[in-house]
Amino acid sequence: AGAGATINILNDSTGTLTANSAVTANGTAAGALGGTVLIRNNGNGAAAGLTTVAGNVTANGSTANGGSVTISSTGANAGGISVTSGTVSANATGAAGSGGTVTLTGSTFAGSGGAQTFSANGASAGTGNGGSVTVSTLGAAADLTLAAGGFTLAATSGSTGGNGGTITASAGRTLTLSAAGIINASVLAGNGNGGTVNLSASNNAAANGTLTVTPTVSVNGAGTGAGGAINITNNSNAATAITVANALSANSGTTGNGGSITLTALGKGGTNGNINLSAAASTLSATGAGVGGNGGTITVNAGGGTPGTIGLSGTSMTVASAAATGGSIAITGSTITGGAANLTLTSTGVTGGGAINVTSLTTNNIAFANGLTANSSTTNGAGGAITVSAGGSLTLGNAGSGFVSTSTNGLAGNVTLRA
């Protein structure tokens, strides 16, 4: 009783579909599921018109699972969507329930430029898993910008536990996420695994855009939970295909394995774009904790047939474990350079150090004029292997460089510097 309604607002036209008022399909009694909202311009023949939504759209559950909200413009030539409402949600409210699904898809996307929240969170006063939030554009010139007015993409656990959900932001061409935003698929409390965040650009075969991430992105676990996964991918050979200028975290709870952070510049036509992590705030962490809680993985890859460059300055990356084995860090590209500040890589552990690899391909150089520090030490077991291998020359500033792979009660690890 009291389950949310099913609401369909459809248009089969090349004209504009407009929903100016609030659309509500919430559960209205304890235990009532969120309903279903579909706002879609199906187009007419080969073309679809614009879909515009100005009012809040909600399909929240009441001590039950959230429902689903879909806002889209479809067809052989999909139209754009404009969402200027402050809230689009399929949350679970009350003492129990998991988040539902929120999906926004069109050839282009326009937000309000002000504060907006798109969410599918677990129970607001209890335990439940995060749901799924997807915002995507499709066209070759389809840029997706979540603007400086402040946006939130959230698929968190319930307030007392549960797993994080999945967040996807996908652009046909350029994806720009402003510093004022928050992307959160973490566990808020109790026990649970961190969720997954997928950010991608240049998904249209004809596009060649950039991907810029300036908000924090979190997929942390809690309690006995592991860290989640952050995947950032651009299929472009743009001069700076990927820029990350804030913290990415996939840490475990008090006991659990660290998660994974992966940055990949795939390139187009045999040429890979470049990756830039040169802001002091661009810290990456996938730490583990507790008995058996190993460090996670961090991968920065601009390799391929024609590798792209990687810029790293003032950045820190850590996959340390507080009670088990350190994780792995792998950085691969053509020329790899530091800037005005030292780069710090950490894969320390208690039962063993992890592996750290920095590799420039073919005849390209590695240069950290202001230093590179790598630490893969451990208390017990063996220190991890640290390898810095340049296809061309290797330059490390004396003042800020250091490589440590010791073991208090075991064997030291190997440190290899190669040019």
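In which order do the nine strands of the open sheet with parallel pairing follow one another? In this predicted model, the order of that open sheet reads β16-β19-β22-β25-β28-β31-β34-β37-β40. The edges are held by β16 (144–146) and β40 (394–396), and each of these has a single partner strand, so one side of each is left without a neighbour in the sheet. Inside that order, strand β22 (residues 211–213) and strand β25 (residues 242–244) run parallel and are joined by three bridges, with V213 standing opposite V244 in β25.

Strand β21 (residues 196–201) runs parallel to strand β24 (residues 229–234), and six bridges join the two; one of the residues involved is T196, whose bridge partner in β24 is A229. From β24 the pairing continues to strand β27 (residues 260–265), again parallel and again through six bridges, and here T233 has T264 of β27 as its bridge partner.

These strands belong to a chain whose secondary structure comes to zero helices and 42 strands. The radius of gyration of the chain is 23 Å, close to the 22 Å that the globule rule gives for 419 residues, so the chain is as compact as a globular protein of that length. Taken along the principal axes, the box filled by the C-alpha atoms is roughly 65 × 45 × 30 Å. Of the 419 residues, 53% count as buried, and the accessible surface comes to about 13,900 Å², with 51% of that area belonging to carbon and sulfur atoms.

L38 is found in strand β4 (residues 36–41), and it counts as buried because its relative accessible area, 17%, falls under 20%. Once its neighbours within four places in sequence are left aside, L38 is in contact with I7, N8, I9, L10 and T70. T363, by comparison, is 325 residues from L38 in sequence, and the C-alpha atoms of the two are 54 Å apart in space.

A residue in a loop can be buried as well, as S407 shows: it lies between β41 (402–404) and β42 (415–418), yet its relative accessible area is 13%. A polar atom of the S407 side chain lies 2.5 Å from the backbone oxygen of G381, while the side chain of S407 also reaches the backbone nitrogen of G410 at 2.9 Å. Leaving aside neighbours within four places in sequence, the contacts of S407 are with T378, T379, N380, G381, G383 and A412.

Charged side chains remain to be considered. Side chains of opposite charge can pair when their charged atoms come close. The structure holds one salt bridge, formed by R173 with D143, whose closest N and O atoms are 2.8 Å apart. R173 lies in the loop between β18 (166–170) and β19 (175–177), and D143 in the loop between β15 (132–137) and β16, so the pair ties together parts that are 30 residues apart in sequence. R173 is partly exposed, with a relative accessible area of 29%, and D143 is likewise partly exposed, at 28%.

Technical notes
Residues are numbered from 1 along each chain as its sequence is written. This is a predicted model: local features need pLDDT of at least 70, side-chain atom pairs count only at pLDDT 80 or more; totals for chains, interfaces and linings use all residues. Side-chain values use heavy atoms; hydrogens and water are left out. Helices (H or I, at least four residues) and strands (E, at least two) are DSSP runs, numbered from the N terminus. Buried means under 20% relative accessible area, exposed over 50%, partly exposed in between (1.4 Å probe, protein chains only). Contact means heavy atoms within 4.5 Å. Two strands pair if DSSP finds at least two bridges between them. The radius of gyration is taken over C-alpha atoms; the globule rule is 2.2 Å times the number of residues to the power 0.38. Accessible areas come from the Shrake-Rupley method with a 1.4 Å probe; for residues, only the protein chains shown count as cover. A polar contact is a pair of N or O atoms within 3.5 Å; within protein, one must be able to donate a hydrogen and the other to accept it, and residues adjacent in sequence count only if both atoms are side-chain atoms. A salt bridge is a side-chain nitrogen of Lys or Arg within 4 Å of a carboxyl oxygen of Asp or Glu.
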